[in-house]
Amino acid sequence: MSPSEQTKQVHLAWTVFQRRQESMRAIVGFDCWFMPVPKSGKLKKAFSYLRLLIASVVRLRAATPDIVWVQLPQVPALWAVLIYRALTSKPVRIIADCHNAQLREPWSRFPFALWSLRRCDAILVHNEAMHEKAAELGWPMETVLVLEDVPAVGKALPPLGLAVALIKAPKPWVLFPGSFAADEPIQEVFEAARQASELTFIITGRPERARQNGHNLADLPPNVVLPGFLALDVFDDLLREADVVMGLTREEGIQLSVCNEALGFGKPLVTSNTRILGKLFGAAAVLVDTNNPTSIARGCTEAMSNTRLYSDKSLSLAVMRADQWRSEKLAGLSRLLDMN
C-alpha cells in the first residue's frame with residue numbers, strides 16, 4: 001500500500017498549523033487534521049491529551065483512512081492512531097512524521113515513545129542529522145526515512161492588502177518569521193537592523209516568549225516591528241508583501257520551514273550558513289553568519305539589491321525541489337510502505 005491519491009489518507013497533528021503538512025498535501029493528497037492542544041498547566045494538559053486522544057480515535061473511525069500520517073511530538077497522538085488500527089478490521093499503514101523535538105528530551109524519553117515508534121510502518125525525520133540522532137536513540141532504522149520539507153510551490157500571488165493594513169512601516173521589508181526561540185539570534189538581528197537602517201525588519205512570533213528564552217526586547221531599534229503571532233491569512237499576505245525573507249538559527253540540524261516558504265512564495269532568501277541549510281538552500285539563498293550582525297546586515301542588503309535575481313533563484317529551486325521530492329523522496333516512502 002503506497003501513499004497515492006487512490007488511498008484515503010489523513011495527516012493528524014495536535015497543533016494549530018504546520019506549513020509542512022499543507023505543502024505536502026498538494027502532492028500526496030491527504031487531508032490535514034489540525035487539533036491544537038490548549039495552553040495550560042501540566043495537570044490540565046494531561047486531561048487535554050486524553051480528550052484529544054479520544055476525539056482523534058472517534059474521528060479516525062468515522063473517516064476510516066487507509067494511511068494515517070501523525071505528527072510527533074506529541075506521542076499520545078500516535079497512541080490514538082495505534083488504537084484506531086487495533087479497532088479496525090482493514091489494514092492500516094501508520095507514518096510517524098517526527099519533528100526534531102521528538103528526538104530531544106523530554107519527548108525522546110516520553111513513556112512508550114520507542115515502543116510506539118516500533119509499531120509504525122514508516123518513521124520520517126526531516127534531515128540527515130536527525131537520521132543520525134535516530135540511530136543513536138535506538139529507533140528501528142529499517143523504517144526510518146529522511147523526508148525533507150517540500151516548498152509550497154505556486155504561492156507567488158498578488159498581495160491582498162492585509163499585511164499593509166497591519167504593518168504601518170516604510171518599505172523595503174525584511175521578514176523574519178520567528179518564535180523567539182532560544183536558537184534565534186534576536187539581538188544580532190537588532191544590531192543588523194541598526195546597521196541597515198534603510199530597511200524595516202519585521203519579526204513575527206509571540207514576544208512574551210522572548211524573556212523565557214533569554215532575549216531582551218527592551219532596546220528595540222526604530223526600524224524593527226514586532227506584530228506578534230499572526231493569523232495564517234495575514235501571515236501569508238505578509239510573505240507576499242515582503243521584499244526579503246530571512247530564516248536564522250544558531251543550531252545545526254534544523255531545517256527552517258521559513259526557507260521553503262520563501263522559495264514557494266518566490267522571495268529572496270537570507271539564511272544561516274549551517275551545513276543543513278547550505279545544502280538545501282545554498283543554490284538560491286544568501287548565506288550569512290548567524291552570530292555576526294554585520295554579516296546579517298550585508299546579506300539583507302545583498303538580497304535587497306538583487307531582488308529579481310534571488311526571486312528567480314527561489315522559484316527555480318522551489319520547482320526543482322518539489323519535482324525531486326515527488327520522484328525520489330515520496331517514491332522511497334512508497335517502497336518502504338510496500339515492504340511492510
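The following exercises, each with a worked solution, concern a predicted model.

Residues are numbered from 1 along each chain as its sequence is written, and side-chain values use heavy atoms, with hydrogens and water left out. In this predicted model, local features need pLDDT of at least 70 and side-chain atom pairs count only at pLDDT 80 or more, while totals for chains, interfaces and linings use all residues.

**Exercise 1. Determine how helices α7 and α11 are oriented to each other.**

Step 1. Locate the elements: α7 covers residues 186-195 and α11 covers residues 293-305. Helices (H or I, at least four residues) and strands (E, at least two) are DSSP runs, numbered from the N terminus.

Step 2. Take the geometry: the angle is about 55° and the axes are 8 Å apart. Axes are lines fitted to C-alpha atoms, for helices over the stretch in contact, and angles run from 0 to 180 degrees between N-to-C directions.

Step 3. Classify the angle. Under 35 degrees counts as roughly parallel, over 145 as roughly antiparallel, 65 to 115 as roughly perpendicular and the rest as oblique. The two helices, α7 and α11, are therefore oblique to each other.

Step 4. List the contacts, meaning heavy atoms within 4.5 Å. From α7, E188, E191, A192 and Q195 meet P293, T294, I296 and A297 of α11. These residues of the contact divide into four nonpolar, two polar and two charged. Here Ala, Val, Leu, Ile, Met, Phe, Trp, Tyr, Cys and Pro count as nonpolar, Asp, Glu, Lys and Arg as charged, and the others, Gly among them, as polar.

**Exercise 2. Describe the contact of α2 with α3 by residue class.**

Step 1. The axes of α2 (residues 42-63) and α3 come within 9 Å and cross at roughly 35°.

Step 2. Among the residues that meet are Y49, L53 and V57 in α2 and W79, I83 and Y84 in α3.

Step 3. By class, this contact of α2 with α3 has 11 nonpolar, one polar and one charged residues.

**Exercise 3. Decide whether F112 and F180 are buried or exposed.**

Step 1. F112 lies in the loop between β4 and α4, and F180 in the loop between β7 and α7.

Step 2. Phi is positive in both: near 65° for F112 and near 55° for F180. Most residues other than glycine have a negative phi.

Step 3. F112 has 57% relative accessibility and so counts as exposed. F180 has 0% and so counts as buried.

**Exercise 4. Describe the surroundings of P73 and its peptide bond to Q74.**

Step 1. P73 is placed in the loop between β3 (67-72) and α3.

Step 2. P73 is buried because its relative accessible area is 14%.

Step 3. Apart from neighbours within four places in sequence, P73 is in contact with H99, A101, Q102 and W107.

Step 4. The peptide bond from P73 to Q74 is cis, with omega near 25°.

Notes
Buried < 20%, exposed > 50% of the residue type's maximum accessible area, 1.4 Å probe, protein only.
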